[in-house]
Amino acid sequence: MENSPILQPVVALILWTMLIWLWMYVTRIPAMSKAKIDVANLTGGVGSNLDDLLPAKVQWKAHNYNHLLTEPTLFYAICIVLAMVGQGDGLNLYIAWAYVGLRVLHSLVQVLINRVSLHFLIFALSSLCIIALAIHAAIAVFH
């Protein structure tokens, strides 16, 4: 079985997500140490509990990592559908790469400057990509 080209942007976004994961821990662990947070004796809680304890710029990476685990799940699913029905090339491939590029840009804005209006605009544009891919998949599946 031949691989569908649309799987390339899927894998690229997964790799980007893991890079943000690494960046999150490379900045968060030293910040937790500096804040004298005793990780060995922590129980329960969620990452957002650290919002009041760590510098915002450190937490921005964690917030972005969480964002990369939400809407992109729709992207992964729709790309797999498109790959399965033989529609993972051409315009759909360009839209998928546009989505990945916009999500990378969204990440960089959020983790570096965190201008909410800017990263919301980029998020909205990336959502339009998912809508377009979903419509194309619906046409292929229900046709």
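The following exercises, with worked solutions, concern a predicted model.

**Exercise 1.** Determine whether the end-to-end distance of helix α1 (residues 7-34) agrees with its number of residues.

*Solution.* Step 1: helix α1 has 28 residues, and at 1.5 Å a residue these should span 40 Å. Step 3: just after α1, K36 takes a positive phi of about 60 degrees.

**Exercise 2.** Identify the buried residues of α1 and state what covers them.

*Solution.* Step 1: the buried residues of α1 are P9, V10, L13, W16, T17, I20, M24, R28, A31 and M32. Step 2: an α-helix has 3.6 residues a turn, so residues three or four places apart point the same way. Step 3: the cover over the buried residues of α1 includes α2 (56-67), α3 (72-84) and α4 (90-112).

**Exercise 3.** Describe how α2 and α4 pack.

*Solution.* Step 1: the packing angle is about 155 degrees, and the axes of α2 and α4 lie 8 Å apart. Step 2: an angle over 145 degrees counts as roughly antiparallel, so α2 is roughly antiparallel to α4. Step 3: their crossing is right-handed. Step 4: from α2, W60, K61, H63, N64 and H67 meet R103, H106, S107, Q110, V111 and L112 of α4. Step 5: the residues of this contact comprise 3 nonpolar, 6 polar and 2 charged.

**Exercise 4.** Classify R103 as buried or exposed, and list its contacts beyond four places in sequence.

*Solution.* Step 1: R103 belongs to helix α4. Step 2: buried means under 20% relative accessible area; R103 has 1% relative accessibility and therefore counts as buried. Step 3: leaving aside residues up to four places away in sequence, R103 touches L13, W16, H67, L68, E71, P72, F123 and S126.

Terms used
Residues numbered from 1 in each chain as written. Predicted model: local features only at pLDDT ≥ 70, side-chain atom pairs only at ≥ 80, totals over all residues. Heavy atoms only, no water. Helix = DSSP H or I, 4+ residues; strand = E, 2+ residues; numbered from the N terminus. Expected span 1.5 Å × (residues − 1). Buried < 20%, exposed > 50% of the residue type's maximum accessible area, 1.4 Å probe, protein only. Contact = heavy atoms within 4.5 Å. Axes fitted to C-alpha atoms, helices over the stretch in contact; angles between N-to-C directions. Parallel < 35°, antiparallel > 145°, perpendicular 65-115°, else oblique. Left-handed = near helix turned anticlockwise from the far one by under 90°. Nonpolar A, V, L, I, M, F, W, Y, C, P; charged D, E, K, R; others polar.
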